[in-house]
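Dear colleague,

I am passing this structure on to you, together with notes on what turned up in it. Please read the notes alongside the coordinates.

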Amino acid sequence: MTESELLDSHRQELRRGSVVLASLLALREPEYGYRLLDVLERAGVPVAANTLYPLLRRLEGQGLLLSEWDTSQARPRKIYRTTGDGVLLAKALQHEWQAIGMALAHLDPETTKGEKP
C-alpha cells in the first residue's frame, strides 16, 4: 500500500463518522438526496450515493429526518429535512466533535509548544 493509499484509507475512515453530522446540519434546509451529495461534496465531506441513501433512510427511521415528495416538478423528488430531534442530536454531535478536536490538539506536541502542562 502506497503512502497515498494509506492516507486515503484513513481519511475515509475519519470522514465516515462525520457524514451523519454533516447531513443533519445540511438538511436543516430541506433538500433532495442528489442535491445533498453536491452540498456535502462542496463542503468537503464527499460521500458516495450508495452510502448516503441508506443513511438517509436510517436517520428517517430514527426520527432524525423527515421526508416528503415534491411533485411540483415533472420528476417527483423526495425532499429530506432535519427534525427537531435531529437538530438537537446535531448540536450534541457538533459539541462532541469540537471536544475531540481540542483533545487531539492537546495531544499534538506541535500545537502545545509553549503551553504549560
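How many salt bridges does a search of the whole structure find? The search gives 6 salt bridges, a salt bridge being a side-chain nitrogen of Lys or Arg within 4 Å of a carboxyl oxygen of Asp or Glu. Before the details, please note that this is a predicted model, in which local features need pLDDT of at least 70 and side-chain atom pairs count only at pLDDT 80 or more, while totals for chains, interfaces and linings use all residues. Residues are numbered from 1 along each chain as its sequence is written, and side-chain values use heavy atoms, with hydrogens and water left out.

Salt bridges

In helix 1 (3-16), Asp8 pairs with Arg11, and the closest N and O atoms of this salt bridge are 3.4 Å apart; the two residues are 3 apart in that helix, about one turn. (Helices, H or I with at least four residues, and strands, E with at least two, are DSSP runs numbered from the N terminus.) Asp8 is partly exposed at a relative accessible area of 41%, and Arg11 is likewise classed as partly exposed, at 34%. The classes used here are buried for under 20% relative accessible area, exposed for over 50%, and partly exposed in between, with a 1.4 Å probe and protein chains only.

Helix 1 also holds Arg16 and Glu13, which are separated by about one helical turn because they are 3 residues apart, and their side chains meet in a salt bridge at 2.7 Å, N to O. Arg16 has a relative accessible area of 47% and is partly exposed, as is Glu13 at 48%.

In helix 3, Asp38 and Arg42 lie 4 residues apart, about one turn of the helix, and form a salt bridge whose closest N and O atoms are 3.1 Å apart. Asp38 is partly exposed at 33% relative accessibility, whereas Arg42, with a relative accessible area of 57%, is exposed. Both residues belong to a network of salt bridges that links Glu31, Arg35, Asp38 and Arg42.

Helix 2 is largely enclosed by the rest of the structure, because 7 of its 8 residues are buried. These buried residues are Val19, Val20, Leu21, Ala22, Ser23, Leu24 and Leu25, and they pack against helix 1, helix 3, helix 4, strand 2 (65-70), strand 3 and helix 5. Contact, throughout, means heavy atoms within 4.5 Å.

Within helix 2, Ser23 counts as buried because its relative accessibility is 0%. Not counting residues up to four places away in sequence, Ser23 touches Leu36, Leu40, Leu52, Leu55 and Thr82. With neighbours within four places in sequence again left aside, Leu59 is in contact with Val20, Leu24, Leu64 and Leu65.

Thr82

Thr82 is placed in strand 3 (residues 77-82) and is buried, with a relative accessible area of 8%. Leaving aside neighbours within four places in sequence, its contacts are Ser23, Leu24, Leu27, Arg28, Leu64, Leu65 and Val87. The side chain of Thr82 reaches the backbone oxygen of Leu24 at 2.7 Å. Thr82 and Leu59, although 23 residues apart in sequence, are 9.1 Å apart in space, C-alpha to C-alpha.

A patch on the surface

Ile100, Leu104 and Leu107 make a nonpolar surface patch of about 320 Å². Patches are made of residues with over 30% relative accessible area and no salt bridge, where like charges are joined within 9 Å and nonpolar side chains (Val, Leu, Ile, Met, Phe, Trp, Tyr) within 5 Å; the accessible areas come from the Shrake-Rupley method with a 1.4 Å probe, and for residues only the protein chains shown count as cover. Ile100 is found in helix 5 (residues 84-107) and is partly exposed, with a relative accessible area of 40%.

With best regards

Notes
A polar contact is a pair of N or O atoms within 3.5 Å; within protein, one must be able to donate a hydrogen and the other to accept it, and residues adjacent in sequence count only if both atoms are side-chain atoms.
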